[in-house]
Amino acid sequence: TSSITWDAVQYYLVSSQLAAGQVPAAEAPYVYRLGMPWLVAQFWPADPARGFFVINVVCGLAVAALLSLWLRHGVERLSVRLAAVTLFAGAWHGPIRYVHFNGGYVDPPFMLCVLLALVMLQGMRQQARPWQVAALTALTIAGTFIRETMLLVPASALFMGNPIRRATPPVE
């Protein structure tokens with residue numbers, strides 16, 4: 001796995017504290033993003049670096065697959081979707097490659113939650129069934145424990161119908 005750098009220091013600290021049954025104490029905002037450190041503390045209490053790395057690699061691959069699925073809604077040509085996913089996967093600072101430079105960060109699971117929510121919102125465009133709203137709410141809550149900006153995703157539902165439209169002239 002990778003070395004301990006940047007925000008990984010804080011996330012590993014929080015994970016180790018949770019694994020030891022201590023109240024987390026670290027720099028903000030890392031101390032508030034308890035979802036990933038908690039998960040790592042449950043399954044890799046003695047080796048948080050491995051836990052973060054494994055979860056991030058799995059989530060990074062899932063993000064690439066889900067991105068391809070989500071792009072189907074707006075990109076008709078398969079070749080363009082595959083090119084977009086390939087470029088996404090090849091970016092050095094993307095979740096698939098960056099994990100090898102800094103394994104201890106929370107972006108891949110956060111991106112997975114965001115894409116899952118966007119796929120769910122796409123399915124709710126015509127009619128939102130109660131179970132879909134409940135599932136989106138649960139996903140938003142879980143995603144918010146990973147990264148607080150997850151709260152912006154359900155807010156994006158306000159713009160699904162493009163409420164800010166340019167006025168069209170009346171047809172004569």
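Which residues in H1 meet Pro48, Ala49 and Phe52 in H3? I looked up the contacts, counting heavy atoms within 4.5 Å. Tyr11, Tyr12, Ser15 and Ser16 are the H1 residues that meet them.

**Ground rules.** I am working on a predicted model, where local features need pLDDT of at least 70, side-chain atom pairs count only at pLDDT 80 or more, and totals for chains, interfaces and linings use all residues. Residues are numbered from 1 along each chain as its sequence is written, and side-chain values use heavy atoms, with hydrogens and water left out. Helices (H or I, at least four residues) and strands (E, at least two) are DSSP runs, numbered from the N terminus.

**Helix packing.** I checked H1 against H3 next. They pack at an angle of about 115°, and their axes are 10 Å apart. H1 is therefore roughly perpendicular to H3. That label covers 65 to 115 degrees; under 35 is roughly parallel, over 145 roughly antiparallel and the rest oblique. The axes are lines fitted to C-alpha atoms, for helices over the stretch in contact, and the angles run from 0 to 180 degrees between N-to-C directions.

**Aromatic pairs.** I searched the whole structure and found eight aromatic pairs. Rings of Phe, Tyr and Trp (its six-membered ring) pair if their centres lie within 6.5 Å; planes under 30 degrees apart are stacked, over 60 edge-to-face and the rest tilted. Tyr11 and Phe52 make a tilted pair, with 6.3 Å centre to centre and 35° between the planes. Tyr11 lies in H1 (residues 7–19) and Phe52 in H3 (residues 48–71), so this pair ties together parts 41 residues apart in sequence.

I then looked up burial: buried is under 20% relative accessible area, exposed over 50%, partly exposed in between (1.4 Å probe, protein chains only). Tyr11 is buried at 1%. Phe52 is buried too, at 0%.

Tyr98 and Tyr105 form an edge-to-face pair, 5.0 Å centre to centre with 90° between the planes. Both Tyr98 and Tyr105 are buried.

I also noted one aromatic cluster, formed by Tyr11, Tyr12, Tyr30 and Phe52.

**Charge over a ring.** Arg147 lies over the face of Phe110, at 5.8 Å from the ring centre. To count, NZ of Lys or CZ of Arg must be within 6 Å of the ring centre and within 35 degrees of the ring normal.

**Gln17.** Back in H1, I checked Gln17. Gln17 is buried, with a relative accessible area of 10%. Leaving out residues up to four places away in sequence, Gln17 touches Gln22, Val23, Pro24 and Ala25.
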